[in-house]
Structures are given as structure tokens and as C-alpha cells.
Amino acid sequence: MSDFPNPEAPADAHAHAPGESVRHTRAKGEPRFPDGPKADPAGSHFERRIRSFQPRRSRVTAGQADALQRLWAKWGLDIDGHRVDLAELFGDDGPVVLEIGFGMGEATAQMAAADPAANILAVDVHTPGQGNLLNLADRNGLTNVRVANGDAIILLREMLTPDSLDGLRVYFPDPWPKKRHHKRRLIQPEFLDLAATRLRPGALVHCATDWEPYAEQMLEVLTAHPAFENTRPDGGFAPRPDFRPLTRFEGQGLDKGHVVNDLLFRRVQHGERGDH
């Protein structure tokens with residue numbers, strides 16, 4: 001991760017010390033970042049259904065806040081339910097990979113730097129991570145990253161057109177380990193039904209998790225889905241591909257003896273394996 005250090009230096013060194021959390025007393029109803037991501041971008045599209053994510057409230061550093069204020073209008077996207085033109089969003093018609101849940105964005109920035117011809121639409125609801133990824137993109141001249149704020153289901157279902165994505169990445173999603181919470185896991189047949197409509201034939205679906213029971217569930221539901229086929233001839237897990245960086249979080253887990261499993265599946269041609 002040395003190529004992409006966590007950038008915490010504020011724009012005004014006299015206003016905040018590096019890494020200092022931003023504390024601002026706001027009037028009721030005042031947005032947290034007037035020029036940044038919205039608190040509830042979907043608004044009227046909000047619906048009562050089981051969520052696979054848990055929004056987290058944590059402090060935003062001065063550097064992250066500055067990036068949110070300066071760069072959101074340029075590189076940010078609020079998931080509000082309105083159709084989005086990906087070529088217009090990125091300024092070119094290059095391939096687009098959707099990444100759901102990017103944490104603090106270090107791995108996303110590394111992948112964007114390693115493959116500048118591919119556009120990455122990175123979705124998360126964690127404000128510090130959004131600001132951190134924008135800051136990383138800005139400092140490293142990465143013009144192929146856009147940060148989306150909100151519910152990835154609404155993005156997929158209402159904002160993207162059929163066959164508009166060239167890849168899907170879901171790295172270390174919340175495993176929801178308690179049995180009563182398994183229904184909250186993202187990788188479910190219904191999610192794959194939706195994702196399949198937005199992925200072009202040949203698009204790569206890449207998942208990774210360090211929670212082995214969830215890895216087994218991912219393998220089971222992906223293998224059973226008619227729109228996807230395992231890239232592994234043996235039908236099992238894949239070695240970590242070179243293009244997925246080893247994250248700090250992952251390294252800590254490996255040090256504790258955790259087993260990380262990668263899954264690499266491909267969207268089949270329309271009409272294959274009974275796909276409709």
C-alpha cells in the first residue's frame with residue numbers, strides 16, 4: 001500500500017492538523033457537506049426491504065472533508081434513482097467495472113492506477129471512505145474513478161441500462177455471521193438476477209471474503225445461477241488474481257490465520273445455460 005498512502009493532510013494547514021477530525025456544529029437540516037454527497041440521495045425511492053449494508057457514522061478528517069467539498073461535483077454520484085449515462089459520467093466510452101463496498105479506497109485506487117483504460121464506479125455509504133478515495137484519486141491523477149453514494153441495488157435497478165457493465169467487484173462484504181442475519185448478505189440469487197441484467201456477456205464477477213461460510217454460500221449461489229459460469233475448470237475457488245491488491249485489512253486477517261477465498265465467475269452469453 002506504499003504507493004497510495006492514506007492522505008490526511010488538510011487543504012489549509014493552519015485550520016486543521018493532519019488527520020484531525022472535522023467537528024462542525026450544524027443547524028437542524030443543514031447538510032453535512034453542502035457541496036458533497038447527500039445524506040439520503042434516493043429520497044422518494046427509499047423502500048422497506050432488507051438492507052445488505054449498515055451505514056456507519058464516523059469522523060471525517062480535514063483532508064477527507066476537503067476532498068468531498070472540492071471533488072464531489074466532479075467525480076461524485078448520488079444514487080438518487082435517476083438514469084445515468086456512464087459515458088457522460090466518465091467522459092469516455094471505456095469499459096466500466098462496478099465495485100460495491102470499497103472501504104477506505106486504497107485497493108480501488110491501486111487497481112485504477114494499474115489499469116487506466118478501465119473505468120471504476122465505486123459505491124459505498126461510508127463518508128470518510130468516500131472522501132479518502134476522492135483524495136487518493138486526486139493526488140495520484142486517477143481520472144478513471146467515480147465515487148457513488150448510496151444503495152447499490154437502486155443504482156443497478158433504476159440508474160444503469162442493460163449490458164452497461166463490464167465487471168462487478170464485491171470485496172470483503174459484511175458477512176452477517178449470525179444465522180438470523182444471513183438474509184442480509186449481498187450475494188443472493190435475487191441480487192445475481194439483477195446484476196445479470198446489467199452485465200455484458202463475458203463480464204467478470206469477482207468476489208472475495210475471509211469468512212469461509214460466506215465464501216461457501218457465494219460459491220453455491222453463483223454456481224447455481226444460469227447467467228454465470230465459474231472460470232475455474234474444477235468449479236472451486238480461485239487464487240487471488242494479480243490485479244486485486246492485498247489490502248491492509250486482508251493482511252491483518254491472514255496474519256490471524258484467516259482464509260481468504262476469491263471467486264471469479266463470468267457472465268455467459270444470453271441464451272446459454274437457460275439464461276433469459
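How are H5 and H6 oriented to each other? I started my notes with that pair.

**Ground rules.** I am working on a predicted model, where local features need pLDDT of at least 70, side-chain atom pairs count only at pLDDT 80 or more, and totals for chains, interfaces and linings use all residues. Residues are numbered from 1 along each chain as its sequence is written, and side-chain values use heavy atoms, with hydrogens and water left out.

**H5 and H6.** I looked up helix H5 (residues 152-159) and helix H6 (residues 189-198), whose axes come within 9 Å and cross at roughly 45°. The axes are lines fitted to C-alpha atoms over the stretch in contact, with angles from 0 to 180 degrees between N-to-C directions. Helices here are DSSP runs (H or I, at least four residues), numbered from the N terminus. H5 and H6 are therefore oblique to each other; angles under 35 degrees count as roughly parallel, over 145 as roughly antiparallel, 65 to 115 as roughly perpendicular and the rest as oblique. I found Ile 153, Leu 156 and Arg 157 of H5 in contact with Phe 191, Leu 194 and Arg 198 of H6 (heavy atoms within 4.5 Å).

**H3 and H4.** Next I checked helix H3 (residues 106-114) against helix H4 (residues 127-139): they pack at about 30°, with axes 9 Å apart. That angle makes H3 roughly parallel to H4. From H3, the contact uses Glu 106, Thr 108 and Ala 109, and from H4 it uses Asn 132, Leu 133 and Leu 136.

**H1 and H4.** H4 also packs with helix H1 (residues 62-75), at an angle of about 75° and with axes 8 Å apart. That makes H1 roughly perpendicular to H4. I noted several H1 residues in this contact, including Trp 72 and Trp 75, and on H4 Thr 127 and Asp 138 are among them.

**Rings.** I looked for aromatic pairs (ring centres of Phe, Tyr and the six-membered ring of Trp within 6.5 Å; planes under 30 degrees apart stacked, over 60 edge-to-face, the rest tilted) and the count was 0. I did find Arg 244 over the face of Tyr 171, at 5.6 Å from the ring centre; the rule asks for NZ of Lys or CZ of Arg within 6 Å of the centre and within 35 degrees of the ring normal.

Key
Helices (H or I, at least four residues) and strands (E, at least two) are DSSP runs, numbered from the N terminus.
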